[in-house]
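Let's take a walk through this model, from the overall fold down to a few single residues. Keep the viewer open and follow along.

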Amino acid sequence: MNIILLGPPGAGKGTQAKKLEEKYGLKQLSTGDMLRAEIAAGSELGLKAKSIMDGGHLISDDIIIGMIENRIEQDDCAKGVIFDGFPRTVPQAEALDKMLAAKGHSLKSVIHLVVDEEALVGRLNNRIAEMKAAGQEIRGDDNEDTLRERLKVFRDQTAPIIPYYKGKNMLAEVDGMGSIDGVEAQIDAILTA
Ligand code: AMP
């Protein structure tokens, strides 16, 4: 079973992906996590990616598509994947369709976590305040200006994949503003329907 969790930054995709991993034996693939691992490793890709990510912009489609293409071949993806933060553009969505078709696989559902942007900004500011109080390190792209830029990038570059998947009858919408358990229940209902 392959699923896409779609939604702007801070919508709760990662939290829900972790729950789905445990429940259904799937593998969460977060392109953001993969890029952060490249940065931590100090690789050439990581060095290039960091400033783009800190500015809230997207890494080029060919780099991202190449990363996913290699990753889904690995054994831990055999039972299926939860794509978290991918695809983020229509060309990425088209490339994913081709990759899955070549393996004889398909997507079960594209779950759109619908959220209120101003509430996300509020949540981020609360989280930063909590992390600062706890003396924790704040990510380079964790600030209000970058979040607002990332929300704009979501509207301009990622939201066009919504009609793309609607046209394929794959899109399911979930109210992402509820409690974590409430969102989880909505997703379960979609996946077991
Ligand atoms: P995330 O952790 O998914 O919010 O991703 C953090 C940052 O990594 C994004 O703001 C982008 O700069 C970059 N990134 C992650 N996934 C993608 C993707 N599918 N396409 C382009 N850039 C990405």
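A contact here means heavy atoms within 4.5 Å. With that in hand, look at I138: leaving out residues up to four places away in sequence, I138 touches I128, M131 and K132. We'll come back to that residue further down.

Some ground rules before the tour. This is a predicted model, where local features need pLDDT of at least 70 and side-chain atom pairs count only at pLDDT 80 or more, while totals for chains, interfaces and linings use all residues. Residues are numbered from 1 along each chain as its sequence is written, and side-chain values use heavy atoms, with hydrogens and water left out.

Now for the overall fold. The protein chain has nine helices and five strands; these are DSSP runs numbered from the N terminus, with helices being H or I over at least four residues and strands being E over at least two. Reading from the N terminus, the order is β-α-β-α-α-α-β-α-β-α-α-α-β-α. The radius of gyration is 16 Å, close to the 16 Å that the globule rule gives for 193 residues, so the chain is as compact as a globular protein of that length. (That radius is taken over C-alpha atoms, and the rule is 2.2 Å times the number of residues to the power 0.38.) Along its principal axes, the C-alpha trace spans about 45 × 40 × 30 Å.

As for burial, 44% of the 193 residues count as buried, where buried means under 20% relative accessible area, exposed means over 50%, and partly exposed is in between (1.4 Å probe, protein chains only). The chain exposes about 9,700 Å², and carbon and sulfur atoms supply 51% of that; the areas come from the Shrake-Rupley method with a 1.4 Å probe, and for residues only the protein chains shown count as cover.

Next, the strands. Two strands pair if DSSP finds at least two bridges between them. Start at β3 (residues 81-84), which is covered on both faces: V81 and F83 on one side are buried, and so are I82 and D84 on the other. Strand β1 (residues 3-6) pairs with β3 in the parallel sense over three bridges, and I3 stands opposite I82, while L5 has D84 as its bridge partner. Strand β2 (residues 27-30) also runs parallel to β3, over four bridges, with Q28 opposite I82.

Now for some backbone geometry. Most residues other than glycine have a negative phi, and most peptide bonds are trans. The bond joining F86 and P87 is cis, with omega about -5°, and P87 sits in the loop between β3 and α5 (90-102). N169 is in the loop between α8 (161-166) and β5 (171-175). Is N169 buried or exposed? It is exposed, at a relative accessible area of 73%.

Back to I138, as promised. Its loop runs between α6 (117-133) and α7 (144-158), and I138 counts as partly exposed at 27% relative accessibility. The C-alpha atoms of I138 and L171 are 33 residues apart along the chain and separated by 34 Å.

One last stop is S60, in the loop between α3 (44-54) and α4 (61-71). S60 counts as partly exposed, at 34% relative accessibility. Its C-alpha atom and that of A49, eleven residues apart along the chain, are separated by 9.5 Å.
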